[in-house]
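Trainee: I have a chain open on my screen and would like to talk it through with you. Could we go over it together?

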Amino acid sequence: AQSIGQLVLGSRILGQIHLPAHAALVVPRNAVLSDANGSYVFIVQGSVARRLQVQPGMEEGDLVEITGALKAGDRVIVSGNYQLTDGMAVRETP
């Protein structure tokens, strides 16, 4: 039996862990792809797609923290990225 303040072994509980804030680059989860070589994103450089290796970190909602070659200001491709190869010509849509 269960009384106030006690849990029965096997009970489900819901908790949240609050971590201190820190600055990070984040991208939408669907921008991050992975294969046998690890995780990567595609960015637009000029008019071509460039593959950048990244390491995904913490997630919140639909955003993923990214470390690696990605820099602030890089234009990350989030739609149709699974069809790209490094150096493929791309056209940005408004």
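Trainee: Let's start with Arg29: is it buried, partly exposed or exposed?

Mentor: Keep in mind that this is a predicted model. In it, Arg29 counts as partly exposed, because its relative accessibility is 38%.

Trainee: What does Arg29 form a salt bridge with?

Mentor: The partner is Glu59, and the closest N and O atoms of Arg29 and Glu59 are 2.5 Å apart. This pair links distant parts of the chain, since Arg29 sits in the loop between β1 (25-28) and β2 (33-35), while Glu59 belongs to strand β4, 30 residues apart.

Trainee: And how many salt bridges does the structure hold?

Mentor: The structure holds five salt bridges. As background, side chains of opposite charge can pair when their charged atoms come close. Among the five, there is one in which the side chains of Lys71 and Asp74 meet, at 3.8 Å from N to O.

Trainee: How exposed are Lys71 and Asp74?

Mentor: Lys71 counts as exposed because its relative accessibility is 52%, whereas Asp74 has a relative accessible area of 22% and is therefore partly exposed.

Trainee: What about Glu92, which residue does it form a salt bridge with?

Mentor: Glu92 forms a salt bridge with Arg75, and the closest N and O atoms there are 2.9 Å apart. Here too the pair links distant parts of the chain, with Glu92 in the segment after β6 and Arg75 in strand β6, 17 residues apart.

Trainee: Changing topic, what does the secondary structure of the whole chain come to?

Mentor: The protein chain has zero helices and six strands, so reading along the sequence gives the pattern β-β-β-β-β-β.

Trainee: And how does its radius of gyration sit against that of a compact globule?

Mentor: A compact globule of 94 residues would have a radius of gyration near 12 Å, but the protein chain has 19 Å. Along the principal axes, the C-alpha atoms fill a box of roughly 65 × 30 × 25 Å.

Trainee: What share of the residues count as buried?

Mentor: Of the 94 residues, 22% count as buried. The chain exposes about 7,300 Å², and carbon and sulfur atoms supply 54% of that area. On the contact side, if you take contacts between residues at least 6 apart in sequence, 55% of them join residues at least 24 apart.

Trainee: Let me pick a residue, then. Is Asn81 buried or exposed?

Mentor: Asn81 counts as buried, because its relative accessibility is 3%, and its place is in the segment after β6 (75-76).

Trainee: Which residues is Asn81 in contact with, leaving aside its neighbours in sequence?

Mentor: Once neighbours within four places in sequence are left aside, Asn81 is in contact with Asn30, Ala31, Leu33 and Phe42. With Asn30 there is a specific approach to look at, in that the side chain of Asn81 reaches the backbone oxygen of Asn30 at 3.1 Å.

Trainee: Where does Ser39 lie, and what does it touch?

Mentor: Ser39 lies in strand β3 (residues 38-45) and counts as buried, because its relative accessibility of 16% is under the 20% cut-off. Not counting residues up to four places away in sequence, Ser39 touches Val32, Leu33, Ser34, Leu52, Gln53, Val54 and Pro56.

Trainee: One last thing, which residues form a nonpolar patch on the surface?

Mentor: Ile17, Leu19 and Met58 form that patch, and together they have about 360 Å² of accessible area. Met58 has its place in strand β4 (residues 48-60), and at 45% relative accessibility Met58 counts as partly exposed.

Technical notes: Residues numbered from 1 in each chain as written. Predicted model: local features only at pLDDT ≥ 70, side-chain atom pairs only at ≥ 80, totals over all residues. Heavy atoms only, no water. Helix = DSSP H or I, 4+ residues; strand = E, 2+ residues; numbered from the N terminus. Buried < 20%, exposed > 50% of the residue type's maximum accessible area, 1.4 Å probe, protein only. Polar contact = N/O pair within 3.5 Å; in protein donor to acceptor, adjacent residues only side chain to side chain. Contact = heavy atoms within 4.5 Å. Patch = residues over 30% accessible without salt bridge, like charges linked within 9 Å, V, L, I, M, F, W, Y side chains within 5 Å. Areas by Shrake-Rupley, 256 points an atom, 1.4 Å probe, with all protein chains shown as cover. Salt bridge = Lys/Arg side-chain N within 4 Å of Asp/Glu carboxyl O. Rg over C-alpha atoms; globule rule 2.2 N^0.38 Å.
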